[in-house]
Amino acid sequence: MALPHDSNETSYLLPPNNEDWDRQAIPDFVYGQKDLMAEGIQWPRNAPGVLEALPQSPFDAALCSAWKQRVELGLFRYRLRELQTQILPGAVGFVAQLNVERGVQRRRPQTIKSVRQAFDPEQFNFNKIQPGEVLFRLHREPDLPGPLLQEDILVVINVSPLEWGHVLLVPEPARRLPQRLLPGALRAGIEAVLLSLHPGFRVGFNSLGGLASVNHLHLHGYYLAHRLPVEQAPSEPLDPGGHLHLLQGLPAPGFLFYTRGPGLDLESLICRVCRATDYLTDHEIAHNLFVTRGAPPGKTSPSSALTGVRVILWARKSCFGIKDGEAFNVALCELAGHLPVKTSQDFSSLTEAAAVALIQDCRLPPSQAEEVQAALVALMSQKEQ
């Protein structure tokens, strides 16, 4: 059972004296089956999904109150103001945001040369962060399906935030895991989406070569008060079992996995997704993954209800390092339709055609894309171990 709402306002806050931060135990956010809300979370019809205007779950209250306190304490590289936002005219529906500070002040990415690169303890990793950057630990109750041995998943602020509430989900930092998706991390990401009452709380993963800047296993989570194209884009099935679909109508078609919520169906989805990402990693193919509430696979419309969780996986060209001259870099959120733009000039001049061209430049060559699709379809027929 998640902690009562009124305790969230204080339970995850740091003590006033920063000398006490090292000694304070990391609080647990405890949740069970009934805290995962699979249905009934929709965008308001007549108002944007402004964070403050929507009801909060205990998870939202814990994350937002603790995140806001860290803002006031100056633990971020910059103070995130309300971001200038525009929906680019066109068929896709890109959400472009001007975020100059992130483009200038974020930590330079580590030197990455391989999708399978080993963890390097000499490089920056999440064992080196300040104690105050950790908000809480996710702790699953035994009533939830999944492995009996639970992992510690730390919820940590991203000191260079994309948007409000931008956090990192970090599984057991002391294990020093490289940036390769594992079932426990993916499960935590999907359940975090189900713990939120906000339809715009999303989670994602960048592989090495897919613009992950730190080679230490982590996922991103953040609030965005706008619909995204991937929520309701139509799709076609790729395998007879209906487990894998190809998302259409986007600059970079992605592989769509879908679940209605917690239970055995979710556990099967986690197995299938990680089977796919293992294949991509083993074959040195960079990839990005995005988790959002969304419509079921098949034909959809702009009014389609968000009846479950969509997990979208893109296989893409490897990109090692940041392209400083581009309006934006293509990673998990850009592929989903959220474009954090680095400069005012690019923000004012950006068009849908230019955004599409940047994203399509990251697509695999057609022959390799067909090979990957055939391999993933074959993998979906394998039974869960």
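Cys-274 counts as buried, because its relative accessibility is 5% and buried means under 20% relative accessible area, with exposed meaning over 50% and partly exposed lying in between (1.4 Å probe, protein chains only). The structure that holds this residue is a predicted model, in which local features need pLDDT of at least 70 and side-chain atom pairs count only at pLDDT 80 or more, while totals for chains, interfaces and linings use all residues. Residues are numbered from 1 along each chain as its sequence is written, and side-chain values use heavy atoms, with hydrogens and water left out.

The structure holds zero disulfides. Cys-274 is accordingly in no disulfide, and the nearest cysteine sulfur, which belongs to Cys-271, is 7.8 Å away. Cys-333 is likewise buried, because its relative accessible area is 4%, and its sulfur is too far for a bond because the closest cysteine sulfur, in Cys-362, is 12 Å from it.

Helix 5 covers residues 264-282, and its 19 residues reach 27 Å from the first C-alpha to the last, close to the 27 Å expected at 1.5 Å a residue. That expected span is 1.5 Å times one less than the number of residues in the helix, and helices (H or I, at least four residues) and strands (E, at least two) are DSSP runs, numbered from the N terminus. Just after helix 5, Glu-284 takes a positive phi of about 55°.

The next stop is a histidine, His-216, found in the loop between strand 7 (201-206) and strand 8 (219-223). His-216 is buried, because its relative accessible area is 1%. Leaving out residues up to four places away in sequence, His-216 touches several residues, including Phe-119, Asn-125, Phe-126, Pro-173 and Arg-176, where contact means heavy atoms within 4.5 Å. Polar atoms of the His-216 side chain lie 3.0 Å from the backbone nitrogen of Phe-126 and 3.1 Å from the backbone oxygen of Pro-173.

Another loop, between strand 4 (134-140) and strand 5 (153-157), is the place of Asp-152. Asp-152 is partly exposed, because its relative accessible area is 36%. Apart from its neighbours within four places in sequence, Asp-152 is in contact with Arg-137, Val-170, Pro-171 and Glu-172. Of these, Pro-171 is 19 residues from Asp-152 along the chain, and their C-alpha atoms are separated by 5.8 Å.

Technical notes:
Disulfide = S-S within 2.5 Å. Polar contact = N/O pair within 3.5 Å; in protein donor to acceptor, adjacent residues only side chain to side chain.
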